[in-house]
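Dear colleague,

I am handing over the structure we spoke about, and you will find it directly below. After it I have set out what was found, grouped by region.

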Amino acid sequence: MSGFFRRLAGIPWRSIAGDAFSRALLVAQAYCAVHVVDQHLCSLAFVRGPSMLPAINLAGDVLAVDRVSARLGRVENGDVVLMISPEDPRKVVAKRVLGMEGDSVTYLVDPGNSDASKTVVVPQGHVWVQGDNIYASKDSRQFGAVPYGLITGKIFCRVSSVISFASLSF
Amino acid sequence: MGTYNLLWSIAKRNVTTVLLGITISDRCVNIISVTGESMHPTFTAADRVLQGDFVLAERRCLEKYEFSHGDVILFKCPSNHKELFVKRLIALPGEWVQLPGSPKVTKIPEGHCWVEGDNAARSLDSRSFGPIPLGLVQGRVTHIIWPPSKIGQVERKMPEGRISQI
């Protein structure tokens, strides 16, 4: 019995604890670095759906997102942005900015069925977003201009295309 | 040689602290200084930035976006994304809100909420800019941490008879 306790006392607890602590600290530092780069500098996003055809594929594309420009207010007309959906805060959607605050935007109300169009002025602090594929996109034509604060990043580059892998096998 | 190593180790430690601070303020809690009188008497503001109340805002609620009536929330102003407002959440999506002093009732659309300040006379809130998207919310205020006489939890309070579920 006393032999067991003697062996227990012989184990270098302090240096093991020191090692474990410094390794845990390293993991925490790595996690913090990844989080800061992903949320504040540059990130990758997997986007899919029909609303941005032909720019973004139906099956999905990996896109590079720039977080700095959105935070500094450098988003302009024609940019594709990633934003929190005004209809569900847990969803993030990609759309193109077609009007900044003060711009007058003319859009087709129901492109599949009629030629009627409406003109609206974008309020202060808001942007008008539309999907490139106006026949299959839920955007500002349905939910109105969205506040700039919902924009989380500006898409600047396509990193890979899912559909290009599929076409090789044919 | 000795000076170079010392500067490098100080720089490394500061960068680690900054990264840790940014991660904690993005994921866990944030300390906000309240300015403006729209939440009087819950929060008292003062003339200069460092004299007002300091409050703790938790960010864990942003993972699920589940809020309750009467929560005090922090959100980006819909007409200026650089400003942060602190107001009380009055109505959640799908509920009907009656604007005070008028018979009109508004339905809160999906993904939006209705916010009002406690000090109705001096508050720029949903009565002026309408319901706000929940995506603008940046945190929920849970505690006051300064001045010492006001340290404590922020209570959930709801004004009577303003909302209805049907």
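B:D71 is buried in this predicted model, with a relative accessible area of 3%, and a value under 20% is what the word buried requires here. This aspartate takes part in a salt bridge with B:R140, in which the closest N and O atoms are 3.0 Å apart. The two residues belong to distant parts of the chain, since B:R140 sits in strand β9 of chain B and B:D71 in the loop between β2 and β3 of chain B, 69 residues apart. B:R140 is buried as well, at a relative accessible area of 17%.

A further salt bridge connects B:D71 with B:R156, and there the closest N and O atoms are 2.7 Å apart. B:R156, in turn, is exposed, with a relative accessible area of 51%. Through shared partners, salt bridges join B:E58, B:D71, B:R140 and B:R156 into one network.

Over all chains, the count by this rule comes to 14 salt bridges. A:D132 lies in the loop between β7 and α4 of chain A, while A:R96 belongs to strand β4 (residues 92-99) of chain A, so that the pair links parts of the chain that are distant, 36 residues apart. Both partners are partly exposed, A:D132 at 30% relative accessibility and A:R96 with a relative accessible area of 22%.

The loop between β7 (126-130) and α4 (140-143) of chain A also holds A:S137, which counts as buried at 9% relative accessibility. Its side chain is in a polar contact of 2.6 Å with the side chain of A:D139, and a polar atom of that serine side chain lies 3.3 Å from the backbone nitrogen of A:G131. When neighbours within four places in sequence are left aside, the residues in contact with A:S137 are A:S51, A:K95, A:G131 and A:Q142.

Elsewhere in chain A, strand β1 (residues 42-47) is joined to β2(A) by six bridges, and the two strands run antiparallel; within this pairing A:V47 stands opposite A:D61. Five of the six residues of strand β2 (residues 61-66) of chain A are buried, and the strand is therefore largely enclosed by the rest of the structure. The loop between β1 and β2 of chain A contains A:P54, and the peptide bond leading from A:L53 to A:P54 is cis, with omega near -5°.

Chain B has a cis peptide bond too, from B:W146 to B:P147, with omega near 5°, and B:P147 lies in the loop between β9 (137-146) and β10 (152-153) of that chain. Another backbone feature concerns B:Y65, whose phi is near 55°, a positive value in a residue other than glycine. B:Y65 lies in the loop between β2 (54-58) and β3 (72-77) of chain B and is buried, with a relative accessible area of 14%. As background, most residues other than glycine have a negative phi, and most peptide bonds are trans.

In chain B, three strands form an open, antiparallel sheet in the order β6-β5-β11. Its edge strands are β6 (105-107) and β11 (163-164), each of which pairs on one side only. Strand β5 (residues 96-98) of chain B is joined to β6(B) by three bridges, and B:V97 stands opposite B:T106 in that pairing.

Finally, there is the contact between the chains, which takes 25 residues from chain A and 21 residues from chain B. The area buried between chain A and chain B is about 1800 Å², with carbon and sulfur atoms giving 65% of it. Across this interface the rule finds zero salt bridges, whereas it finds seven residue pairs in polar contact, both residues being at pLDDT 80 or more. On the side of chain A that touches chain B, α2 (13-41) and α3 (67-72) each supply at least two residues, and the largest share, eight residues, comes from α2(A). The residues on that side of chain A divide into 12 nonpolar, nine polar and four charged.

With best regards

Methods:
Residues are numbered from 1 along each chain as its sequence is written. Chains are lettered from A and ligands numbered from 1 in the order in which they are written. This is a predicted model: local features need pLDDT of at least 70, side-chain atom pairs count only at pLDDT 80 or more; totals for chains, interfaces and linings use all residues. Side-chain values use heavy atoms; hydrogens and water are left out. Buried means under 20% relative accessible area, exposed over 50%, partly exposed in between (1.4 Å probe, protein chains only). Helices (H or I, at least four residues) and strands (E, at least two) are DSSP runs, numbered from the N terminus. Two strands pair if DSSP finds at least two bridges between them. A polar contact is a pair of N or O atoms within 3.5 Å; within protein, one must be able to donate a hydrogen and the other to accept it, and residues adjacent in sequence count only if both atoms are side-chain atoms. Contact means heavy atoms within 4.5 Å. Buried area is the accessible area (1.4 Å probe) that two parts lose on being put together, summed over both. A salt bridge is a side-chain nitrogen of Lys or Arg within 4 Å of a carboxyl oxygen of Asp or Glu. Ala, Val, Leu, Ile, Met, Phe, Trp, Tyr, Cys and Pro count as nonpolar, Asp, Glu, Lys and Arg as charged, and the others, Gly among them, as polar.
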